Amino acid sequence: MLKNRIIPCLDVKDGRVVKGINFVELKDAGDPVEQAKIYSDGGADEICFLDITASNENRETIIDIVRKTAKECFVPLTVGGGVRTIQNITDLLLAGADKVSINTAAVKNVDFVKEASKKFGSQCIVVAIDAKKVSDNKWEVFTHGGRNKTGIDAVEFAQKVEENGAGEILLTSMDKDGTKSGYDVDLLKTITNNTNIPVIASGGVGTLDHLYDGIVKGGASAVLAASIFHYGEYKIKDAKEYLNSKNVSVRL
Amino acid sequence: MNVTIVDYQSGNISSVINSFTEVAKGKANLEVTSDIKKIKFSDKIILPGQGSFKSCVDSLNQIKGLVDTLQEFAMTNKKPLLGICVGLQMFADIGYEEAETKGLGWISGKVSKIDNQKGKFKLPHIGWNEIEIQKESKIFKDIKNKSHMYFVHSYEFIPEDKSVISAITTYSSKIVCSVERDNLFGTQFHPEKSDKIGLKVIENFLKL
């Protein structure tokens, strides 16, 4: 039976983890490579890096981090943030990323998703959709961390990226992100019911119960969380044991 | 011992290189190449594969003499070869991804799309799934039945001779996840991405 995945996400800015884990065993709380290794040793099913570096000049930094991480972590590694060109993808994959997550560039031009999945295979193309609720059962795609409204319906967009070869959707609720009040389960349910590719739930996790909701109520194939793991409130193992105790199948 | 990872521009093989490098440390010389001479003199070969069946077969065929060299290595000289993901799928006679494409024909069978029961199951089949070992396999030495491996694929290999199947996994149906016939080994899952247990599979192959 296919297991539900738990994916810790590390936000990286200029080569440093923005919200670090407070584990005592950490030598350098800001070192993404060390943190990724801790997650991987702790049973993370995949690792996600989100590069929030503002400038383009610093792209080499994330590539270097990916290169180092990939030599130590032998679980899938997804990298997102600033992926705009085929060359960006090539660089990340050559450095050792297994998947890249495309956000703004996919919204601007869905043909980019098509081109990328044709060239590299759907298995490594994740499209990150940031959605915000605009009315009852209606969500719109936003870019630039929720600042820019696009007028594009989230469901239609999700279907469109699937048609264009995306292998997975990383769905973030901009209303919930950072609130620790749980995923937007209605949004998740709507997207998972209307697409045929796996959806990774993101945005809003504050408790282990939220992970349960994302999978069981929202229909997500994987759950992504940042802060509950970063601050050491829970370890990956805690999350897995909790889900397992509630009959959600995970890789233990 | 010389081990070659065949680099035929089949997409992203960095993870395969990283994991084999990790396991081979001090045990084997690892080459990543499409140089036919080097492949000929290898003791073992890893044939990775990402993207579609068609794109992988096309890429193999683009390197002059590569298919013949692999054929001689695996079928005539019977030296150990491990195919990973589409690398395994290409053992088949024929594949149906993108367009009907002839495979290497080493193990009779076909590669077709996973029946996802009219959308009841999401495709690709992505994530960790349990292997159900069907027969003793050298690459599963010291690996427990029901161990988790990492999968990402939408097509499956269906061999005619079921005795080659060393493990299956259960998704929308029973899917072949590894084969072994004499010197030929193949995994549908990605040992290079399957954590410590995956590295163990690689170690077993290198120890053959």
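Predicted model: local features only at pLDDT ≥ 70, side-chain atom pairs only at ≥ 80, totals over all residues.
Figure 1. Leaving out residues up to four places away in sequence, V127(A) touches I102(A), A106(A), V113(A), F157(A), V161(A), A166(A), E168(A), I169(A) and L170(A). For a sense of scale, D186(A) stands 59 residues from V127(A) along the chain, and 20 Å separates the C-alpha atoms of the two.

**Figure 2. I102(A) and the largest nonpolar core.** I102(A), which V127(A) touches, is one of the residues with the most contacts inside this core of 77 residues. With neighbours within four places in sequence set aside, the contacts of I102(A) comprise V83(A), I89(A), F112(A), A116(A), I125(A), V126(A), V127(A) and A128(A). Another core, of 59 residues, lies apart from the largest one and includes L70(B), M90(B), I139(B) and F189(B).

**Figure 3. F140(B) in a loop of chain B.** The loop that holds F140(B) runs between β9 (132-133) and β10 (148-153). Is F140(B) buried or exposed? Its relative accessibility is 5%, so F140(B) counts as buried. Beyond residues up to four places away in sequence, F140(B) touches I131(B), I133(B), S166(B), A167(B), S178(B), F189(B), V201(B) and N204(B). One of these residues, F189(B), is also among the members of the 59-residue core. A167(B), another residue touched by F140(B), is 27 residues away along the chain, with 9.5 Å between the two C-alpha atoms.

Figure 4. Chain A contains 10 helices and 11 strands. Its radius of gyration is 17 Å, close to the 18 Å given by the globule rule for 252 residues, so chain A is as compact as a globular protein of that length. Along the principal axes, the C-alpha atoms fill a box of roughly 45 × 45 × 35 Å. Of the 252 residues in chain A, 61% are buried. Where contacts link residues at least 6 apart in the sequence of chain A, 63% join residues at least 24 apart. The accessible surface of chain A is about 10,000 Å², and carbon and sulfur atoms account for 47% of this area. Chain A carries 32 positive and 35 negative charges, whose mean positions are 1 Å apart.

Figure 5. Six helices and 14 strands form the secondary structure of chain B. A compact globule of 208 residues would have a radius of gyration near 17 Å, and the 16 Å of chain B agrees with this. The box filled by the C-alpha atoms of chain B, taken along the principal axes, is roughly 45 × 40 × 30 Å. Of the contacts in chain B between residues at least 6 apart in sequence, 71% join residues at least 24 apart. The accessible surface of chain B amounts to about 8,300 Å², with 48% belonging to carbon and sulfur atoms. The chain has 28 positive and 25 negative side chains, and 3 Å lies between the centres of the two sets.

Technical notes:
Residues numbered from 1 in each chain as written. Chains lettered and ligands numbered in written order. Heavy atoms only, no water. Helix = DSSP H or I, 4+ residues; strand = E, 2+ residues; numbered from the N terminus. Rg over C-alpha atoms; globule rule 2.2 N^0.38 Å. Buried < 20%, exposed > 50% of the residue type's maximum accessible area, 1.4 Å probe, protein only. Contact = heavy atoms within 4.5 Å. Areas by Shrake-Rupley, 256 points an atom, 1.4 Å probe, with all protein chains shown as cover. Lys, Arg positive; Asp, Glu negative; His and termini not counted. Charge placed at Lys NZ, Arg CZ, Asp CG, Glu CD. Core = buried A, V, L, I, M, F, W, Y, C linked by side-chain atoms within 4.5 Å.
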